[in-house]
Amino acid sequence: MTRSVRRTRRMLQVAGAGAAALLALSACSSSSDSSSKPAKSGSASPKLSGTVTVFAAASLQESFTTLGKEFEKQHPGTKVTFNFGGSDTLAANITSGAPADVFAAASPKTMATVTAKKDAVGTPATFVRNQLEIATVPGNPHKVASLKDLTKSGLKVVLCDKTVPCGAAAQKALDASKLKLTPVSYEQDVKGALTKVELKEADAAVVYKTDVHAAGGKVQGVEFPESANAINNYPIALLKNAPNAQAAQAFIALVQSAEGQKVLSQAGFLKP
């Protein structure tokens, strides 16, 4: 074998070894780069559990009960409990330290009781509105056709207390119409006023459209134009000391979602 051939062979061997080394370095670099980059993964929501306690205006009872069941279905391991009542009473309970996650009020004024004490997180959001309607006993035997008809002598009328949203709205409508009405009783929430008519202990009551809708054939509804000037906005808020804040936020999201709004609209609430 000639000297030139041996030299050529050695050069090829060196070149091959160099190429192999470069490939090894490249592989190591590639492996290092890939290991330094975070693996992509889906942004799955954390699993929710535990109880969500919701304080809500009495007029939300039917629709929120439906949404509570839907929430539990969507999030196995959770439970939604409700405290329904007059918004003013609920607000007072919250500011006094009652444990709750969510507050849904029937007026901004009652929500302000909570926000003024800094017991709510962020700015409450209006999620629905509600309008007044007259509820009479089935068949409307006293021929109530207007707000003015409620002032007829001998007619037993029930109103919500002026401190609760439905009562404040009714008073606003009466004042705008320059009408004076002395009810046989003031009830602490709208369901209390409606029940008086359902039991025929009263001839009529000023309640919400949603309550007339929920009562079905137990009462008869009478619309009146003055109600357009006394529509209540309903705000909802996460509470500062919420024991289950994460699940509470998810419940509020359901209420505000298209699915939640559909349930509320079917109950007679107006869009926010």
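Ala, Val, Leu, Ile, Met, Phe, Trp, Tyr, Cys and Pro count here as nonpolar, Asp, Glu, Lys and Arg as charged, and the others, Gly among them, as polar. The model is predicted: local features need pLDDT of at least 70, side-chain atom pairs count only at pLDDT 80 or more, and totals for chains, interfaces and linings use all residues. Residues are numbered from 1 along each chain as its sequence is written, and side-chain values use heavy atoms, without hydrogens and water.

**Stop one: the largest pocket**

Select Ser 107, Pro 165, Ala 168, Ala 169 and Asn 232. Of the 13 lining residues, these lie nearest the centre of the largest pocket. A pocket is an open set of points on a 1 Å grid over the protein atoms alone, where a 1.4 Å probe fits, with protein on both sides within 12 Å along at least five of seven lines; lining residues have an atom within 4 Å of a point. The space inside is about 200 Å³, a volume being the space filled by probe spheres set on the points. The lining holds six nonpolar, four polar and three charged residues.

Now show helix H4 (108-116) and helix H5 (165-176). Each supplies at least two lining residues. H5 gives the most, with four. Helices (H or I, at least four residues) and strands (E, at least two) are DSSP runs, numbered from the N terminus.

**Stop two: strand E10**

**Stop three: its partners**

Three bridges join E3 to E10, antiparallel; strands pair if DSSP finds at least two bridges between them. Phe 103 bridges to Ala 237 in E10. E4 and E10 pair antiparallel over seven bridges. Ala 125 has Ile 236 of E10 as its bridge partner.
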